Amino acid sequence: MSAKEIVKSFYKSDAFINTEIMKEYLHPECILDWNSSKGFIQRNYEEILNMTSDISRAYVRTKARISHIVEEGNIVSVRFDHYAKTIENPREEMFLAHMMVIWELKDNKLYRGYQMSQVM
């Protein structure tokens with residue numbers, strides 16, 4: 001599988017709400033640098049899994065609608081809109097944020113991420 005196919009598969013999976021799936025995609029030394037509308041956050045492997053566990057308590061489904069994805073070697077850039085369905089209202093899809101991420105892959109896993117998000 002190419003780096004682009006791995007990243008695409010990650011965003012189409014339930015990794016954001018399932019720690020076991022998230023573990024399949026993350027390199028054990030993964031670091032995510034995230035510039036959000038609330039400021040800079042850096043997360044390591046364990047912190048990403050903890051965040052996934054927290055998200056799973058609030059959402060029954062998340063969805064990434066990818067508009068752009070570009071691969072150069074083991075680097076993949078992806079732009080998408082992130083949506084979710086809450087436990088309280090599982091029938092209504094709610095917009096979460098516009099996202100832009102650059103992923104470096106190592107051993108066919110997400111190794112180093114640089115992410116920006118904007119909430120509307």
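Start by selecting strand 3 (residues 59-72) and strand 4 (residues 75-86), which pair in the antiparallel sense over 12 bridges. Pairing here requires at least two DSSP bridges between the strands, and strands are DSSP runs of E with at least two residues, while helices are runs of H or I with at least four, each numbered from the N terminus. Before going on, note that this is a predicted model, in which local features need pLDDT of at least 70 and side-chain atom pairs count only at pLDDT 80 or more, while totals for chains, interfaces and linings use all residues. Residues are numbered from 1 along each chain as its sequence is written, and side-chain values use heavy atoms, leaving out hydrogens and water.

Now pick T62, and you will find A84 of strand 4 opposite. At the turn of this hairpin, with 2 residues between the strands, select G73: its phi is positive, near 65 degrees.

Next, show R65 with Y83. R65 lies over the ring face of Y83, 4.4 Å from the ring centre; the criterion is NZ of Lys or CZ of Arg within 6 Å of the centre and within 35 degrees of the ring normal.

For the aromatic stop, select F10, Y11, F16, Y25, F80 and W103, which form one cluster. The structure holds 7 aromatic pairs (Phe, Tyr or six-membered Trp rings with centres within 6.5 Å; planes under 30 degrees apart are stacked, over 60 edge-to-face, the rest tilted). Zoom in on F10 and Y11: their ring centres are 4.8 Å apart and their planes meet at 70 degrees, so this pair is edge-to-face. F10 is buried at 3% relative accessibility, and Y11 is buried at 3% too (buried is under 20% relative accessible area, exposed over 50%, partly exposed in between, with a 1.4 Å probe and protein chains only).

How many salt bridges does a search of the whole structure find? There are 7, each a side-chain nitrogen of Lys or Arg within 4 Å of a carboxyl oxygen of Asp or Glu. Visit these:

- E20 and K23, with closest N and O atoms 3.2 Å apart. Both sit in helix 2 (residues 19-25), and because they are 3 residues apart, about one helical turn separates them.
- E29 and K106, at 3.6 Å between the closest N and O atoms. This pair links distant parts of the chain, from strand 1 (residues 26-36) to strand 5, 77 residues apart.
- R79 and D81, also with closest N and O atoms 3.6 Å apart. R79 is partly exposed at 27%, whereas D81 is buried at 16%.
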